[in-house]
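Hi,

Here is the structure I promised to pass on. Have a look, and my notes follow below.

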Amino acid sequence: MRIMILGPPGSGKGTCSKIIEEIYKIPVITTGDMLREAVSKESPLGIIAKTYMEKGELVPDDLVNKLVKERISEKDSVKGFILDGYPRSIKQAQVLEEMLAEMGKKLDHVINVVLEDEAIITRLSLRRSCPKCGAIYHLINKPPKKQGLCDLCNTKIVQREDDKEEVIKHRLEVYWEKTQPLIDWYEKRVKVKKIRGDIDINILPKVIKEIIES
Ligand code: AMP
């Protein structure tokens, strides 16, 4: 099963993806995480990507398309995958369509996670993450057990540079200009299923399962 999760930054795509991964045992392909890893390793891709990411701009399509092409060709993606944060432009969607066609595959579900900009700004500005293991916290809704330290690896948690308010606002502008038009693009091809990004986490798995299996 191949599933795509669309939606603005901070809407809850990552949470939905992890739930789907647990239910259907297929890997999540998160371009944001892959790019952050390249940045932390200071690989040639990471050095270029960093300059775009810290400003809240999209990393050039060709670089991200190459990354995804390699990833979806890996063995664990054969039985399916969840795309989280990709595609983010019409160009990326067109390239993905070609990649899947070459592999004789297609998307089974496109899910759009919706949340208002105001709620996203509040959510992301209170988000903290562990630079070592990637665990995500929220200062009010999901604070770490020991203040300022990751529950899983005891590393000092940090605010991502691009979770600072001015950058969040720019990421949302980029979303509305370049990524949101993808919803119409996909609606002409498949049924795009909508889910709110602020559904109670306790009922979210049930809601997602219903959406996918309806
Ligand atoms: P995210 O964690 O998904 O919000 O992504 C963080 C940043 O990584 C974005 O603001 C972009 O700079 C970059 N990024 C992630 N996915 C993509 C993509 N599909 N295309 C271009 N840039 C991306």
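A quick definition to start: the radius of gyration here is taken over C-alpha atoms, and the globule rule is 2.2 Å times the number of residues to the power 0.38. For 214 residues that rule gives a value near 17 Å for a compact globule, and the protein chain agrees, at 17 Å. Its C-alpha trace spans about 50 × 40 × 35 Å along the principal axes.

Before you dig in: this is a predicted model, where local features need pLDDT of at least 70, side-chain atom pairs count only at pLDDT 80 or more, and totals for chains, interfaces and linings use all residues. Residues are numbered from 1 along each chain as its sequence is written, and side-chain values use heavy atoms, with hydrogens and water left out.

On to the fold. The protein chain has nine helices and seven strands (DSSP runs numbered from the N terminus: H or I of at least four residues for helices, E of at least two for strands). Of its 214 residues, 46% count as buried, meaning under 20% relative accessible area with a 1.4 Å probe, protein chains only.

Now the ligand. It is surrounded by 16 residues, and the closest are Thr 31, Glu 57, Gly 85, Gln 92 and Arg 171 (a heavy atom within 4 Å counts as near). Helix 2 (residues 31-41) supplies the largest share of that shell, four residues.

Arg 171 also puts a polar side-chain atom 2.9 Å from a ligand oxygen, while Arg 88 has one 3.0 Å from a ligand nitrogen.

Cheers

Methods: Polar contact = N/O pair within 3.5 Å; in protein donor to acceptor, adjacent residues only side chain to side chain. Buried < 20%, exposed > 50% of the residue type's maximum accessible area, 1.4 Å probe, protein only.
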